[in-house]
Amino acid sequence: MFYYITNTWEKIIASLYCTMWKHKNIVPILLVLGIISALLALFAVSSWWWVFLVVFVWLGITTWGSFDVRQSYFTDVFYKKQRESRRRIALTFDDGPTPMTLEILTLLKQYQAKATFFCIGKQINKHPDIFRKIIEEGHTIGNHTMNHSKGFGFLNAHQVEQEIDSCDASINDIVPHKPRFFRPPFGVTNPSVAKAVQETKHHVIGWSNRSLDTLITDENKIFDRVSRRLVPGDIVLFHDTSNKTLRVVVRLLEYMQQENFESVTVDELLNLQAYEH
Ligand SMILES: [Zn+2]
């Protein structure tokens, strides 16, 4: 009985959190609180510190929502398969194709694992044969913008849309697929990204297990970080851009084999369509 009550409350809180924890709900609430506290301060009923506090909270929530892709704060983000009953995970590789992608493909074939590659348009133009090989070997591809600009978080909605459309066009030059999956560079979401993906009709794909393989130099630490936290339903983020990642992925595939984990594509894990035909 107690478990039932707890479970029900958990469900209510979780669903409230999912529906309320959105930029479009939080901003009006904070705006009202800001106006009330400003009026109270203006008439010397309370301190201006309350206004600063509201602004501070707004800044905090906005920053958190922008950089933590799992929050789905600005737009819905698929970042893991909830309540996955089978021992399935999805390995994902960003920022390719590069010559390193070929090594990753060989490894995946050896371990009969499938993965999802979020490709950059300009990299596809540089390595069309490698890009084609990813698809030929049964993996899924997704859009990771045309240029992967460092200032991606500061682009307006129109510019984000152009970045997505150009990458789709590069993909379409090689294969007759329009991808439905989009992963924003650096996992940044904001109102511009939300508007752009609504226009271009892409699903935003995040991650639940981040390797930090472009930041951490010690490959033992990367392997430990990913393997210790690996749970069914995880979407794991790697980059097919370095030898270091390749060495970590060998160990991870070996570990997954021992632990009976299977790597499937994101579309298979989430039961979504990867392409528009
Ligand atoms: Zn990236």
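Analyst: Two strands are called paired if DSSP finds at least two bridges between them. Helices (H or I, at least four residues) and strands (E, at least two) are DSSP runs, numbered from the N terminus. The model is predicted, and local features need pLDDT of at least 70, side-chain atom pairs count only at pLDDT 80 or more, and totals for chains, interfaces and linings use all residues. Residues are numbered from 1 along each chain as its sequence is written, and side-chain values use heavy atoms, with hydrogens and water left out.

Buried means under 20% relative accessible area, exposed means over 50%, and partly exposed lies in between (1.4 Å probe, protein chains only). In a regular strand the side chains alternate between the two faces of the sheet. In strand 9 both faces are covered: Ile 235, Leu 237 and His 239 are buried on one side, and Val 236 and Phe 238 are buried on the other.

Strand 9 has pairing partners. Strand 2 (residues 88-94) runs parallel to strand 9, with 5 bridges between them; in that pairing Leu 91 has Val 236 as its bridge partner. Strand 8 (residues 209-210) is also parallel to strand 9, joined by 2 bridges, and Asn 209 stands opposite Val 236. Strand 8, helix 9 (residues 219-229) and strand 9 together make a right-handed β-α-β unit. A crossover is right-handed if, with the strands pointing away from the viewer, the path from the first strand over the helix to the second runs clockwise.

The loop between strand 8 and helix 9 contains Leu 212. The phi of Leu 212 is near 55°, a positive value in a residue other than glycine. Leu 212 has a relative accessibility of 22%, so it counts as partly exposed.

Next, the packing. A nonpolar core is a set of buried Ala, Val, Leu, Ile, Met, Phe, Trp, Tyr and Cys residues joined through side-chain atoms within 4.5 Å. The largest such core has 61 residues, and those with the most contacts inside it are Leu 91, Phe 93, Leu 108, Phe 117, Phe 131, Ile 141 and Phe 238. Helix 10 (residues 243-258) gives the most to this core, with 6 residues. Another core, of 8 residues, lies apart from it and includes Ile 26, Leu 30, Ile 61 and Ala 194. Phe 117 is in contact (heavy atoms within 4.5 Å) with residues including Phe 93, Thr 101, Ile 104, Leu 108, Ile 141 and Asp 240, leaving aside neighbours within four places in sequence.

The metal site follows. Donors are N, O and S atoms within 2.8 Å of the metal (3.2 Å for Na, K and Ca); water is not among the atoms, so sites may look incomplete. The protein donors of the zinc ion are Asp 95 (OD), His 144 (NE2) and His 148 (NE2), lying 2.1 Å from it. Along the chain these donors follow the spacing D-x48-H-x3-H. Asp 95 in the loop between strand 2 and helix 4 (99-110) and His 148 in the loop between strand 4 (140-143) and helix 7 (157-174) are 53 residues apart, and the pair links distant parts of the chain.

Asp 95 is buried, with a relative accessible area of 16%, and His 148 counts as buried at 16% relative accessibility. The phi of His 148 is near 50°, a positive value in a residue other than glycine. Beyond neighbours within four places in sequence, His 148 is in contact with Asp 95, Ile 120, Glu 163, Pro 185 and Phe 186.

The loop between strand 2 and helix 4 also holds Pro 97, and the peptide bond from Gly 96 to Pro 97 is cis, with omega near -5°. Thr 98 lies in that loop and is buried, with a relative accessible area of 11%. Not counting residues up to four places away in sequence, Thr 98 touches Gln 123, His 127, Ile 130, Asp 240 and Thr 241.

UniProt places the feature "domain: NodB homology" (unreviewed entry) at residues 87-264. UniProt positions are given in the numbering used here, feature names are shortened, and annotations may be inferred rather than shown by experiment. Over residues 87-264 the chain is 46% helix and 18% strand, with the end C-alpha atoms 10 Å apart.
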